[in-house]
Amino acid sequence: MLVLPKGVRHIPHCLSTDAQRALVEDIRAVVADAPLFTPRMPRTGKEMSVRMTNCGSLGWVTDKDRGYRYQTMHPLTGKPWPPIPDMLLKLWEEFSGYLHPPEACVVNFYRDSAKMGLHQDRDEEDFDAPVLSVSLGDTCLFRIGETTRSGRTVSLKLDSGDVIVLGGAGRLCYHGVDRIYPATSALLKNGGRINLTLRRVTRPTVS
Ligand code: SIN
Ligand code: FE2
């Protein structure tokens, strides 16, 4: 049996096919307002293989000069990001175990050859909140490790409709996407995979 690192939860088939279809429509509307762009690595300016956008009050972006950061505006249109779809806010309420809403939803789009190197999600102020991610479309091979880069890793497939939560001791686990399995889902008519990652960025103010 596959043992995931402590604090990492995989919920297979969390979303029904109908819910996945509705969510894809929501994401199409997000992308119509906040077009996909190609993120670039800090310093080298090397293009990442995914295309991305965001919804929420804050969006995660990266470019050569200013590196990884959150900002309120789309880097190309200069407009605020569109709101996070209700279905995602409900998923967060159900599975995050965190009282405050997420502020950012990163939308990553993977074509057949795209991947994502092993990394930690650590650009947020608040690691008390988990990171919750939803997979849509083609299956991928996801790799998750420990909180050090050299730690042991395990690999699992993420299918369309699966949810992963990195919380508590698992919040800073290294993770990445080693490959996409093309044509494994009929959800997206032109294929590929969408990953939606919900994050709390700022620490809530105590009232
Ligand atoms: C990410 O870590 O930013 C994306 C993970 C995924 O695509 O499943
Ligand atoms: Fe990540």
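The shell around ligand 1 holds four nonpolar residues, four polar and one charged. The model is predicted.

**Exercise 1.** Name the residues around ligand 1 and sort them by class.

Solution. Start with the list: Asn-108, Tyr-110, Met-116, His-119, Phe-142, His-175, Val-177, Arg-193 and Asn-195.

**Exercise 2.** Find side chains with an N or O atom within 3.5 Å of an oxygen atom of ligand 1.

Solution. Take His-175: the distance is 2.9 Å. For His-119, a polar side-chain atom lies 3.1 Å away. For Asn-195, the value is 3.2 Å. Now check burial: ligand 1 alone exposes 260 Å², and the protein buries 95% of that.

**Exercise 3.** Say which pocket ligand 1 takes, and describe that pocket.

Solution. Ligand 1 takes the space of the largest pocket. The volume of this pocket is about 690 Å³. Its lining has 36 residues; closest to the centre are Met-48, Met-116, Gly-117, His-119 and Asp-121. By class, the lining has 16 nonpolar, ten polar and ten charged residues.

**Exercise 4.** Describe the second largest pocket.

Solution. Begin with volume: about 280 Å³. Then the lining: 14 residues, with Arg-28, Leu-36, Phe-109, Leu-188 and Ile-194 nearest the centre. Helix α1 (17–33) and strand β5 each give two or more residues. The largest share, four residues, comes from α1.

Terms used: Residues numbered from 1 in each chain as written. Chains lettered and ligands numbered in written order. Predicted model: local features only at pLDDT ≥ 70, side-chain atom pairs only at ≥ 80, totals over all residues. Heavy atoms only, no water. 1 Å grid on protein atoms, 1.4 Å probe; cavity = no way out; pocket = protein on both sides within 12 Å on 5 of 7 lines; lining within 4 Å. Points joined across faces, edges and corners; volume = space filled by probe spheres on them. Nonpolar A, V, L, I, M, F, W, Y, C, P; charged D, E, K, R; others polar. Near = heavy atom within 4 Å. Polar contact = N/O pair within 3.5 Å; in protein donor to acceptor, adjacent residues only side chain to side chain. Areas by Shrake-Rupley, 256 points an atom, 1.4 Å probe, with all protein chains shown as cover. Sits in = over half its atoms within 2 Å of the grid points.
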